[in-house]
Amino acid sequence: MGRYLSKKMLVYILTFFIAVTLDWAIPRFMPGNPISILVSRFSALPNARKVLTSYFTQSFGLDKPVWVQYMNFWKAFFHGDLGISVYLYPKPVIDIIKESLPFDIALLLPAIILSWIMGNWIGAIAAKNRILDKTLIPVLYIFTAMPYFWFAIIIAWGLGVVIPIFPISGGYSYSMTPELSWTFFLDFLYHWFLPFLSLFVVMLGGWAIGMRNMIIYEIEANYSRYSESLGASDRLILRYAFRNAVLPQVTGLALQLGTIVAGALTTEMVFSYPGIGYLLLQGILHQDYFLIQGCFLFIVLSVLAANFLVDIIYVLIDPRVRYSYTEGV
Amino acid sequence: MREWLKKHDTIYFMLTNKRFVGGMLFILSLILLSLIGPWLARIELGWYIEEAGKRALDPTANIGTPYSPPSPKNWLGTNSFGQDVFLQLVYGLRSSLLVGIIGGGLATVVGLSIGFISGYSGGMVDETLMMLTNIMLVIPTMAVLIIIAAYLPYRGVLIESLIIGLTGWPWTARAVRSETLSLKSREFVHLARISAVRPLKIVFGEIAPNMLSYVFMVFILQFGGSILAAVGLDFIGLGPTRGTSLGIMLQQAVLWNAIQLGMWWWIIPPGAIITALIAALYTVNTGLDEAFNPRLREM
Amino acid sequence: MTAVDILKAESLKVYYRTLHGSVKAIDGVTFEVRKGEVLGIAGESGCGKSTLVNFLVLPKDPMYHAGGKVFLKGKEITSLPKHDLRKIRYEEISIIPQYSMDSLSPTRRIRMIIRDLMREHGKDFDPDLVRERLSMVNLPQSVLNMYPVELSGGMRQRATMVISTLLNPDILIADEITSALDVSTQKFVIEMLLGFMDRKVVSSIVFITHDLSILYQIATRVMVLYAGKIVEIGPMEEVIEKPVHPYTKALIYSLPKMNVRFKERRLKGIPGQPPHLLNPPSGCRFHNRCPLATKRCEEEEPPLVEVGKDHYVYCWEVKV
């Protein structure tokens, strides 16, 4: 088990290293070096001195050797210095990201977990039910074929404009400030519902179809045939198939995280939901490169962390991995 | 005789499979639409002259009355700038299909090569390639696309397809590797190896033909994946800097409050056509799966 | 039918549905399995032996029942509803499958697999019984707490043998269970099967193999199948020593060493290929490979000839 995790860890550490390097190298070596133009733009702004002497700014465009700039970038990274936003000048990028973090967690975590559970459940039922398989599964295929943001647009139009029940913009009402109170919480939930629903529905299709196909595959497996030969009921066979089919679905969760996050970014853009996706959109619209870079790093790091978490869960639930890496086969 | 029957069977099952045929017909009609659409629409295009006498579609050219719902003149109405939505849709579809073919094709080729080499050679080569693949798998590709695209001063459909193709291959490589491993251990490959056939000949003579159906299915999935990735990138605002695409249409629609204004003719068609296209691709794939995999055939 | 017959098949036909028509994998076989015997079924791959037992235990698409009857302890089972079949399986007829190395779900402990299967038949997990059976096949008690992946292939097969026989089925089918094993393990597996018989765990065994030398060690009677039909059926010793049907002879002579008697003979295969069962040849199905074939063999189905006590062949050219 330790070997399995350490092998995975190595991949994550390398990935992390590559991601940070990319984050530094891409803007640095792009034609026209947009970052150094951005840095020089800071010198005209108030508080310029403070901005210009930070490690982060120094890692782009200053006349130091390239490797010193690169080292500065790492130093800045470990100091939590991701530069200063132009769009929200002079707020540090890291603070902006921190503020949007709770909104992302509140949106993504329930959407991912609930759609995964519901999807697996629906898929398992559909696998053995001919009617459901012929009616529900095609609908789910359409769900999973939709671009995340398009469904978000449709749901915003349908439940926000045609039948105006829900707000379609922001994470909370403009008249409020984030605080720990019931009124804020309810207002937050009210704004949260549509983005959540749209993410949930699009993801649901993929999980359900994956589960259905896995179950059909497992039902064909030898162990299912053996149980059936010994008079096991369809229920027992389905239960066994489900136990084995859930494992690839857990791996699938890890593999899909990147796509899900990307989908969530665009969904947030549709609803102007104050998460990372919305920040990223603002960064792109205002050519706020430091903000874009900060968002990139943050997204990569959270996907890596989530992947690692899924790996640990996988080790705990799959006896094969547990066995093959403890006793060595 | 038996080999021939087997081949015959597969083609027969493919051509009689409703999903395969239906999905294929639908995709072909979309391709046709993207080709003859502008002629169908019979609307003056807004062109502007690029250097060297080339001309390009000007997405900002004002053509009709803005905000008009579908009418006999503008089949899908016009957007806030007075552009014909149907015409944009057709051009957007073209760019999407192009991204699908180039990006999906590239990802398929890269994924196949890496998976093949990795699975066939084993050892250090395998370890290194798989490490690379695993890294590419965990890194959120969309984020990489975003950061690359954000710094490109000029972006065209071709560059977009290239970066999508070069980041979309990892899952294919992994799947192809395990497929190669299982084929490698089959009887006929052993036989070829015992009779001292050159490795490349084994790969292309024995393994590749057995994987042909599989490759086709991989391409279809990569085709769809590339289209979805491009649409997302375009929507974020990192699509082609000139011309239009389905993602750019939707980005514009959201930015110009089409939702709040209830301009359904602007927001529904672009997404619906993507969804239909992707769903058709999935359907074709399911059909192929049924045709190639005897266990799934219904008799 | 006599009272000692546990299973009896009458003109049983089992076909496979394919695109090009029905493949007649089992085409009219009549035989019985008697109480207390080990019936061996031998034949080349593709002769229908696996089809036959799979049909008896678990008919699955595209396989279908094309005619004839099967009686299990006097009950006709080909027309039984699904629910009744479920009860018969395991309690009256059970199988050790060909794939017994991966017949157990990888994510469930052996104990739970047993418990789940018992519950399906309204019984409880009986620790004493399981302990006794495990020791019969030389498995430690600790396997109960293991996942199938933690066992070696051989251990998994033995665990499967224990599980398959826990409900003391009347008839146990062993489908090619020795094919993938080395000679000493083969012997061990056969001894375990015979042990099940001795201790009355099972009353009869149907043992399927393409390897006559193994059959010789275990079977009471042997039934030789060729292209979906029975060619010869009789007491094991007698069939091996005095094979009558040309196909059985060829099959026995093709063995590397069966008995000293055959040592001087050159090892030879059977020339030609078994026929396609989509359009099987008319008359005797062996006629195109048979050295004795006459015009009549090509045209008419061979008759059943009794050549010795309890020893029958289907052949035109056999003289009693």
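These questions and answers cover a predicted model, its chain contacts and one of its sheets. Local features need pLDDT of at least 70 and side-chain atom pairs pLDDT 80 or more, while totals for chains, interfaces and linings use all residues. Residues are numbered from 1 along each chain as its sequence is written, and chains are lettered from A in the order in which they are written.

Visitor: Which helix of chain A gives the most to the side that touches chain B?
Guide: 47 residues of chain A are in contact with 39 residues of chain B (contact: C-beta atoms, placed from the backbone, within 7 Å). Helices are DSSP runs of H or I, at least four residues, and strands are runs of E, at least two, numbered from the N terminus. Helices supplying at least two residues include H7 (130-145), H8 (148-162) and H11 (234-271) of chain A. With 10 residues, the most comes from H1(A).

Visitor: How many residues on the side of chain A that touches chain B are nonpolar?
Guide: Ala, Val, Leu, Ile, Met, Phe, Trp, Tyr, Cys and Pro count as nonpolar, Asp, Glu, Lys and Arg as charged, and the others, Gly among them, as polar. This side has 2 charged and 6 polar residues. The nonpolar residues number 39.

Visitor: At what angle do the axes of H8(A) and H11(B) cross?
Guide: A:Trp150, A:Ile153, A:Ile154 and A:Trp157 meet B:Trp264, B:Ile267, B:Gly271 and B:Ile274. Axes are lines fitted to C-alpha atoms, for helices over the stretch in contact, with angles from 0 to 180 degrees between N-to-C directions. The two axes come within 10 Å and cross at roughly 145°.

Visitor: Which helix gives the largest share of the side of domain 1 of chain C that touches domain 2?
Guide: An automatic or database assignment sets the domain bounds: domain 1 is 5-92 + 169-268 + 302-314, and domain 2 is 104-168. Their contact takes 11 residues from domain 1 of chain C and 10 from domain 2 of chain C. Helix H2 (82-91) and helix H6 (183-198) of chain C each give two or more residues to the domain 1 side. The largest share, 4 residues, comes from H6(C).

Visitor: Which strands are the edges of the open sheet of 8 strands in chain C?
Guide: Strands pair if DSSP finds at least two bridges between them. The order is E6-E7-E8-E3-E9-E10-E12-E11, with mixed pairing. E11(C) pairs with E12(C) in the antiparallel sense over 4 bridges. Pairing on one side only, the edge strands are E6(C) and E11(C).

Visitor: Which residue takes a positive phi in the hairpin of E4(C) and E5(C)?
Guide: E4(C) and E5(C) pair in the antiparallel sense over 2 bridges. The bridge partner of C:Leu72 in E5(C) is C:Lys75. The hairpin has 2 residues between the strands, and the positive phi, near 50°, belongs to C:Lys73.

Note on methods. Two residues are in contact if their C-beta atoms, placed from the backbone, lie within 7 Å.
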